[in-house]
Amino acid sequence: MINFSGVSKHFAGKAVVEELDLHIAKGEFTVLIGTSGSGKSTTLKMINRLVEHDRGQITFADEPIEKFRAQDLRRRMGYAIQSIGLFPHWTVEQNIATVPQLLKWPKAKIRDRVTELMTLLHLDPAQFRGRYPHQLSGGQQQRVGVARALASDPEVLLMDEPFGALDPVTRATLQHEIARIHQLSDRTIVLVTHDIDEALTLADRIVLLSEGKIVQQGTPLELLTQPATPFVADFFGRSDSGIKLLALTRVGERLRAGEQAEGEPVTASMTLREALSEFVARHTEQLPVCDEGGKPLGVLHFSDLIDVGAKP
Ligand SMILES: Nc1ncnc2c1ncn2[C@@H]1O[C@H](COP(=O)(O)OP(=O)(O)OP(=O)(O)O)[C@@H](O)[C@H]1O
Ligand SMILES: [Mg+2]
């Protein structure tokens with residue numbers, strides 16, 4: 001769906017992205033990660049032509065991106081950023097409706113879509129749709145930013161640290177939402193983050209950048225278990241990689257079907273890492289597991305967490 005071939009970008013004569021080869025398949029969730037200044041945001045912005053590359057070729061849907069008008073690209077690609085960029089004199093509703101308005105959707109359809117997205121992102125429409133950005137907390141503003149990026153149901157979603165300003169709980173909720181949106185709609189998503197756990201949880205593929213170059217790309221499991229260089233191993237941190245591996249496996253993959261146990265059930269889509277926290281919080285060695293609809297599925301045993309690394 002999106003291809004980079006030998007792509008470079010220079011600012012003031014200095015390469016900030018160098019000879020990048022990147023293939024982003026349709027429906028794939030790609031996470032760009034790396035240290036500050038490694039070229040993540042520049043790479044993302046080259047996709048929707050907020051930044052023009054100066055060497056190599058970028059294609060979208062098999063066409064060189066120069067063939068698209070920048071505004072058309074931006075309508076087909078939702079874009080959400082940490083600094084949010086909401087229009088200060090527009091209400092939440094108007095902000096979310098930016099692209100549908102440009103696309104001249106009927107009023108009622110826009111209104112319904114805004115309601116739907118606000119509900120999805122846990123912003124009570126009745127309370128918030130008429131507010132202005134300065135009347136919202138930072139985390140609420142970020143959610144409006146994500147809703148705006150999703151509004152026209154774009155084929156591609158580009159997100160640059162969209163959850164940066166959120167507390168860990170809201171952040172985890174939104175990560176779940178994004179993961180769910182991705183699974184439901186099979187939308188192509190490219191997300192930039194500093195947060196290793198976020199990358200491991202969300203990504204189908206991780207692309208690790210350093211000084212404008214790709215150091216390694218692959219599945220989260222590959223980067224954790226087969227780091228190409230000491231830099232990669234260091235970056236993902238050897239010390240608690242066991243815990244990180246837990247974040248890659250869902251409860252549903254480890255549960256003992258048909259068994260029963262006492263207590264509040266956890267859902268099968270929870271990661272083993274989250275389940276570990278539940279075991280600790282509840283001082284228990286067994287957790288009942290249900291599906292999203294509350295139907296009991298079985299039991300997760302604490303002892304079954306342990307060989308996760310050995311069974312990729
Ligand atoms: N418009 C610009 N003019 C000059 N230099 C720039 C410009 N935009 C980015 N750079 C430089 O390019 C390099 C890569 O920047 P970029 O924003 O892509 O990094 P990043 O990986 O997103 O970093 P961070 O994690 O801090 O957001 C940095 O050294 C930055 O200073
Ligand atoms: Mg950046």
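This note goes through a predicted model point by point, from its domains to its ligand, its salt bridges and some backbone details.

1. Domains. The chain is divided into two parts by the domain assignment, with domain 1 covering residues 2-237 and domain 2 covering residues 249-305. Taken over C-alpha atoms, the centres of domain 1 and domain 2 are separated by 31 Å.

2. The shell around ligand 1. Which residues are found around ligand 1? They are Phe11, Val16, Thr35, Ser36, Gly37, Ser38, Gly39, Lys40, Ser41, Thr42, Glu161 and His194. By class, this shell divides into eight polar residues, two nonpolar residues and two charged residues. The element that gives the most to the shell is helix 1, residues 40-47, which contributes three residues.

3. Polar contacts of ligand 1. A polar side-chain atom of Ser41 lies 2.7 Å from an oxygen atom of the ligand. The backbone takes part as well: a backbone N or O atom of Gly39 is 3.0 Å from an oxygen atom of ligand 1, and a polar backbone atom of Ser38 is 3.2 Å from an oxygen atom of ligand 1. Taken alone, ligand 1 exposes 640 Å², and the protein buries 58% of that area.

4. Helix 1. Is helix 1 largely enclosed or largely open? Six of its eight residues are buried, so helix 1 is largely enclosed by the rest of the structure. Just after the helix, Arg49 takes a positive phi of about 60 degrees.

5. Two residues with positive phi. Arg49 has this backbone angle although it is not a glycine, and its place is in the loop between helix 1 and strand 4, the latter being residues 55-60. At 16% relative accessibility, Arg49 counts as buried. Glu19, which is not a glycine either, has a positive phi of about 50 degrees, but its place is in strand 2. At 52% relative accessibility, Glu19 counts as exposed.

6. A salt bridge between Arg205 and Glu28. The search of the whole structure finds 16 salt bridges, and one of them joins the side chains of Arg205 and Glu28 at 3.8 Å, N to O. Glu28 is buried, with a relative accessible area of 15%, whereas Arg205, at 22%, counts as partly exposed.

7. A salt bridge between Arg171 and Asp195. Here the side chains meet at 3.1 Å, N to O. The two residues are 24 residues apart and again link distant parts of the chain, with Arg171 in helix 8 (residues 168-185) and Asp195 in the loop between strand 8 (188-193) and helix 9 (196-202). At 15% relative accessibility Arg171 counts as buried, while Asp195 counts as partly exposed at 22%.

8. Further salt bridges. The side chains of Glu63 and Lys67 also meet in a salt bridge, with a distance of 3.9 Å, N to O. Elsewhere, Glu93, Arg111 and Arg129 are linked in a network of salt bridges.

9. Lys9 and its position relative to Ser41. The place of Lys9 is in strand 1, residues 2-11, and Lys9 is buried, with a relative accessible area of 12%. Along the chain, Lys9 and Ser41 are 32 residues apart, and 12 Å separates their C-alpha atoms. Ser41 is the residue whose side chain has a polar atom 2.7 Å from an oxygen atom of ligand 1.

Note on methods:
Residues are numbered from 1 along each chain as its sequence is written. Chains are lettered from A and ligands numbered from 1 in the order in which they are written. This is a predicted model: local features need pLDDT of at least 70, side-chain atom pairs count only at pLDDT 80 or more; totals for chains, interfaces and linings use all residues. Side-chain values use heavy atoms; hydrogens and water are left out. A residue is near a molecule or strand if one of its heavy atoms lies within 4 Å of it. A polar contact is a pair of N or O atoms within 3.5 Å; within protein, one must be able to donate a hydrogen and the other to accept it, and residues adjacent in sequence count only if both atoms are side-chain atoms. Accessible areas come from the Shrake-Rupley method with a 1.4 Å probe; for residues, only the protein chains shown count as cover. Helices (H or I, at least four residues) and strands (E, at least two) are DSSP runs, numbered from the N terminus. Ala, Val, Leu, Ile, Met, Phe, Trp, Tyr, Cys and Pro count as nonpolar, Asp, Glu, Lys and Arg as charged, and the others, Gly among them, as polar. A salt bridge is a side-chain nitrogen of Lys or Arg within 4 Å of a carboxyl oxygen of Asp or Glu. Buried means under 20% relative accessible area, exposed over 50%, partly exposed in between (1.4 Å probe, protein chains only). Domain bounds come from an automatic or database domain assignment.
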